[in-house]
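User: I am new to this structure. Can you show me how to read it, one feature at a time?

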Amino acid sequence: PSPVVAIVGSFFTSFRQSRIVWETPVDQTGVSGGVASFICQATGDPRPKIVWNKKGKKVSNQRFEVIEFDDGSGSVLRIQPLRTPRDEAIYECVASNSVGEISVSTRLTVLRGKFFLNITNLIHRVESAVLL
């Protein structure tokens, strides 16, 4: 299974006197049949609500699981099992509260399992040849 990718980058923005502090999800490449997890965090006053979209529509599928943080500061979008080309897309995390809305996009690339295995086999053959 694919590990949860660490959060990188952040930006701050102001809406009137309230603010939303944002942590962005990271682009990922997964293998068909595997798992992808995206983390998105947003805090503010009032507390923003986070929604995940795929191609502009809220994600809703048995293979898509949105797990909200206990403290309400963010969520994880988990996709399992990955399917190609169906899951390859731009995913959007939208945080909104009564004073504004911020969104950030992240890309998921899904490799076919057979392609991935062929590359792995090639690497092993090259490593074996070098050892001889």
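Predicted model: local features only at pLDDT ≥ 70, side-chain atom pairs only at ≥ 80, totals over all residues.

User: How many bridges join strand 9 to strand 10?

Analyst: There are 9 bridges between strand 9 and strand 10. The two strands run antiparallel.

User: What else is Tyr 91 in contact with, leaving aside its neighbours within four places in sequence?

Analyst: Its contacts beyond those neighbours include Phe 38, Val 59, Phe 64, Leu 77, Ile 79, Val 104 and Leu 108. Asn 53, Lys 54 and Ser 105 are also among them.

User: Now the core. Which residues have the most contacts inside the largest nonpolar core?

Analyst: They are Phe 38, Trp 52, Leu 77, Ile 79, Tyr 91 and Leu 108. The core has 18 residues.

User: How should I read a disulfide?

Analyst: A disulfide is a covalent bond between the sulfur atoms of two cysteines. A search of the whole structure finds 1. Cys 40 and Cys 93 form this disulfide, with their sulfur atoms 2.0 Å apart.

User: Which parts does the pair tie together?

Analyst: Cys 40 lies in strand 4 and Cys 93 in strand 9, so the link ties together parts that are 53 residues apart in sequence. The angle about the S-S bond is -90 degrees, and the link is left-handed.

User: Are these cysteines buried or exposed?

Analyst: Both Cys 40 and Cys 93 are buried.

User: One more residue. Where does Ser 75 lie?

Analyst: Ser 75 is in strand 8, which covers residues 74–79. The cut-off for buried is under 20% relative accessible area. Ser 75 has 1%, so this residue counts as buried.

User: Which side chain does the side chain of Ser 75 make a polar contact with?

Analyst: That of Trp 52, at 2.8 Å. Leaving aside neighbours within four places in sequence, Ser 75 is also in contact with residues including Phe 38, Ile 39, Cys 40, Ile 50 and Val 66. Ile 67, Glu 68 and Phe 69 are on that list too.

Notes. Residues numbered from 1 in each chain as written. Heavy atoms only, no water. Helix = DSSP H or I, 4+ residues; strand = E, 2+ residues; numbered from the N terminus. Buried < 20%, exposed > 50% of the residue type's maximum accessible area, 1.4 Å probe, protein only. Polar contact = N/O pair within 3.5 Å; in protein donor to acceptor, adjacent residues only side chain to side chain. Contact = heavy atoms within 4.5 Å. Core = buried A, V, L, I, M, F, W, Y, C linked by side-chain atoms within 4.5 Å. Disulfide = S-S within 2.5 Å. Pairing = 2+ DSSP bridges.
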